[in-house]
Structure formats: C-alpha cells, structure tokens
Amino acid sequence: MLKNELDIIRLIQKDEWMMELLKAVKLVDLPDWWICAGFVRSKIWDTLHGFEKRTHLPDIDVIYYDDNNICEEEEKIMEGRLKDLLPDIPWSVKNEARMHIRNSVAAYTSSVDAIAKFPETATALGIKLDSHNNLILSAPHGIQDVINLQVKPTPYFAVNEKRIEVYEERVTKKNWELTWNQLKVTRIKN
C-alpha cells in the first residue's frame with residue numbers, strides 16, 4: 001500500500017484536512033517551515049492499520065528555522081496567527097534555531113537538521129508545501145521504519161546514554177502500541 005515517499009505524498013494530498021492545515025501554515029510564511037512528527041506519522045500508521053477515523057492528535061507540530069529572531073514570544077505570535085486562521089487546531093509552533101538551548105544540545109543548522117535529531121525514526125518526518133503548492137516530504141532517516149511499523153531511536157539518540165533514556169521514556173509514555181497494535185517498538189534497555 002505505502003511503498004515509497006511518493007505514496008505518502010499522495011496519501012496526504014488526498015486528505016483535505018491535512019491540506020487545509022498545510023495551506024494555513026504556508027500563509028503564515030515562516031522561514032524553513034514544516035509540519036512534522038505525529039501529523040505525518042499518525043496518518044501513515046492509521047492508514048496501515050486500516051483505520052477509517054483519524055487518530056486524535058494532541059497537537060500539530062509546526063517547526064521553522066529563523067536564527068535572526070529566537071525570541072520565544074515570536075513562536076506564540078505565530079501560533080496566534082495560525083489560531084486566527086484555524087482556531088480549532090491545537091497548534092504548537094517552535095523555532096528550531098532556539099530549541100538547542102532548551103534541549104541543551106549543539107545548535108541545529110536548519111529545520112531538517114532538527115527533524116533528523118528527533119527521538120524516533122518514525123517520528124523524524126516533516127511535510128510542507130513549496131512555492132508551487134507541491135508537497136515536499138522530509139524523511140532524513142528514510143520511510144522504511146514508519147511504513148514497516150517499526151519504532152527505533154534515530155542515530156542521534158541511539159549513540160548517547162542520556163538520549164536513550166529520553167527515547168525509552170517517550171516510547172513508554174506515548175504507548176503507541178495501545179492505539180496501533182501492529183507496531184514493533186525497539187527497546188534498548190529492558
């Protein structure tokens with residue numbers, strides 16, 4: 001069913017709700033923006049599990065990269081602009097040029113660099129519209145894990161003891177297997 005990135009792009013293109021959100025974020029015109037993580041991952045997992053109804057998303061993660069203005073208040077202003085466009089959406093806007101400070105890691109060089117350093121390969125996904133309204137998918141670690149229903153740490157998380165603990169805590173807390181029972185979650189520490 002979903003074999004490659006083009007299949008994922010087509011899946012999202014057919015989803016009016018997802019396209020509406022993507023168009024709203026494009027209107028706000030953030031630099032180097034993406035809607036990422038669960039927005040993309042959950043659509044794929046819902047489809048692969050044959051769900052007819054969308055799984056609830058606690059938030060819609062919008063990231064962008066603007067190293068000229070790393071003020072947290074700017075993110076709230078952008079969230080407000082998105083809420084003005086689509087008030088019923090739980091927007092979460094983060095400037096990845098600032099997030100290294102919060103996460104106590106080396107500075108990210110772009111939004112895609114930040115996506116590559118998300119905890120799980122299946123979550124390290126982003127989607128956006130280009131200037132011609134074509135969908136662009138960012139999958140720095142490929143799509144094989146997400147379409148094969150595998151949850152693994154990204155290389156960035158897999159090589160560091162503290163990050164492995166964060167990964168382990170996340171997969172335990174998220175408990176994705178409860179919703180998507182075909183998932184295979186890699187546990188590093190037992």
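This is a predicted model: local features need pLDDT of at least 70, side-chain atom pairs count only at pLDDT 80 or more; totals for chains, interfaces and linings use all residues.
I then listed the lining, meaning residues with an atom within 4 Å of a point, and noted W17, M18, F39, S42, K43, D46, R54 and L57. The largest share of this lining, four residues, comes from α3, and α2 (16-28) and α3 (38-48) each supply at least two residues, where helices are DSSP runs (H or I) of at least four residues and strands (E) of at least two.

Next I checked helix α4 (residues 72-85), whose 14 residues should span 20 Å at 1.5 Å a residue, and the end C-alpha atoms are 21 Å apart, which agrees; the expected span is 1.5 Å times one less than the number of residues. I recorded E75, M78, E79 and L82 as the buried residues of α4, buried meaning under 20% relative accessible area and exposed over 50%, with a 1.4 Å probe and protein chains only. Seen down the axis of α4, they fall within an arc of 105°, so they line one face of the helix, the arc being that of the directions from the axis to the C-beta atoms. The face turned away carries the exposed residues E73 and D84.

I kept in mind that residues are numbered from 1 along each chain as its sequence is written, and that side-chain values use heavy atoms, without hydrogens and water. Local features need pLDDT of at least 70, side-chain atom pairs count only at pLDDT 80 or more, and totals for chains, interfaces and linings use all residues.

How values were computed. On a 1 Å grid over the protein atoms alone, a cavity is a set of points where a 1.4 Å probe fits but cannot get out, and a pocket is an open set with protein on both sides within 12 Å along at least five of seven lines; lining residues have an atom within 4 Å of a point.
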